[in-house]
Amino acid sequence: MKVVRNLDLERYMGRWYEIACFPSRFQPKDGTNTRATYTLASDGTVKVLNETWTDGRRGHIEGTAYRADPASDEAKLKVKFYVPPFLPIFPVVGDYWVLHVDDAYQYALVGQPSLNYLWILCRQPHMDEDVYNQLVERAKEEGYDVSKLRKTAHPDPPPESEQSAGDRGVWWIKSLFGR
């Protein structure tokens with residue numbers, strides 16, 4: 001699988017909106033305004049904050065990302081979350097491979113070698129349809145079944161603050177039961 005080489009982590013930091021993804025049991029099925037915020041730590045790791053809104057309530061989970069192989073120039077990262085989020089006990093580690101990022105770092109295609117997870121991300125909550133289609137085509141070239149992609153609704157911009165009211169991980173439990 002072809003991944004980005006020499007990813008500029010500093011430029012990659014900040015807020016990314018989920019434009020589309022493969023549905024997963026780790027996200028609520030009816031989540032909207034889903035976004036991720038990445039912050040580079042002094043030790044080179046990345047603080048990850050994933051947020052989504054369901055019925056007007058914020059659900060979120062925090063984690064850490066790091067290079068899978070610090071000696072490699074490939075954009076292959078590992079991301080670690082602890083579950084359940086409200087009582088972090090069990091670490092869950094996954095692959096986060098940046099398959100494409102544009103020169104301006106405004107949109108990205110992220111996947112993993114299993115082909116079970118795929119995200120199309122953008123710095124804005126909406127993406128030009130031509131750009132979206134190009135990213136879908138790129139995913140298809142890598143072997144992804146793009147018919148599984150689900151667009152993420154962004155009907156109401158959520159608050160910019162990371163401290164908005166929420167349910168600290170209750171969405172995670174609901175997602176286990178298919179809600």
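The structure is a predicted model, in which local features need a pLDDT of at least 70, side-chain atom pairs count only at pLDDT 80 or more, and totals for chains, interfaces and linings use all residues. Residues are numbered from 1 along each chain as its sequence is written, and side-chain values use heavy atoms, with hydrogens and water left out.

The pLDDT, which is the predictor's confidence in each residue on a scale from 0 to 100, averages 89 for the protein, and 89% of the residues score at least 70. Over residues 163-167, however, the pLDDT is below 50, and this stretch has nine contacts in the model beyond near neighbours in sequence; a contact means heavy atoms within 4.5 Å. Residues 170-179 also stay under 50, with 19 contacts beyond four places in sequence. Where pLDDT is low, the predicted coordinates should not be read in detail.

The overall layout comes next. The protein has three helices and nine strands, taken as DSSP runs numbered from the N terminus (helices are H or I, at least four residues; strands are E, at least two). Along the sequence, these elements follow the pattern α-β-β-β-β-β-β-β-β-α-β-α. Of the 179 residues, 46% are buried, where buried means under 20% relative accessible area, exposed means over 50%, and partly exposed lies in between (1.4 Å probe, protein chains only). Among contacts with a separation of 6 or more, 56% are between residues 24 or more positions apart.

Strands are taken to pair if DSSP finds at least two bridges between them. On one side of the pairing scheme, strand 2 (residues 32-40) runs antiparallel to strand 3 and is joined to it by seven bridges, with Arg35 having Glu51 as its bridge partner. These two strands form a hairpin with five residues between them, and Gly44 in the turn has a positive phi of about 90 degrees. Strand 3 is also antiparallel to strand 4 (residues 57-67), through nine bridges, and here Trp53 stands opposite Arg58. In this second hairpin two residues lie between the strands, and Asp55 takes a positive phi near 55 degrees.

Other backbone angles also deserve a look. Most residues other than glycine have a negative phi, and most peptide bonds are trans. Asn6, although not a glycine, has a positive phi of about 60 degrees; Asn6 lies in the segment before helix 1 (9-12) and is exposed at 59% relative accessibility. Asn33 has a positive phi of about 50 degrees, but its setting is strand 2, where Asn33 is buried at 5% relative accessibility.

The interior can be described through its nonpolar cores, each a set of buried Ala, Val, Leu, Ile, Met, Phe, Trp, Tyr and Cys residues joined through side-chain atoms within 4.5 Å. The largest has 24 residues, of which Leu7, Tyr12, Tyr38, Tyr96, Val98 and Val101 touch the most other members. At least two residues of this core come from each of helix 1, strand 2, strand 3, strand 4, strand 5 (76-83), strand 6 (90-101) and strand 7 (107-111). Strand 5 supplies the largest share, four residues. Apart from this core lies another, of 19 residues, including Ile19, Trp97, Leu118 and Tyr144. Leaving aside residues up to four places away in sequence, Tyr38 touches Tyr12, Met13, Gly14, Trp16, Val46, Lys47, Val48, Tyr96 and Leu121.

Arg15, in strand 1 (residues 14-21), is buried with a relative accessible area of 15%, and a polar contact of 3.0 Å joins its side chain to that of Thr37. A polar contact is a pair of N or O atoms within 3.5 Å; within protein, one must be able to donate a hydrogen and the other to accept it, and residues adjacent in sequence count only if both atoms are side-chain atoms. His60, in strand 4, is buried with a relative accessible area of 8%, and its side chain makes a polar contact of 3.3 Å with that of Arg58. Cys21 is buried at 0% relative accessibility, and Cys122 is buried at 8%. With a disulfide taken as a pair of cysteine sulfur atoms within 2.5 Å, the count of disulfides is zero.
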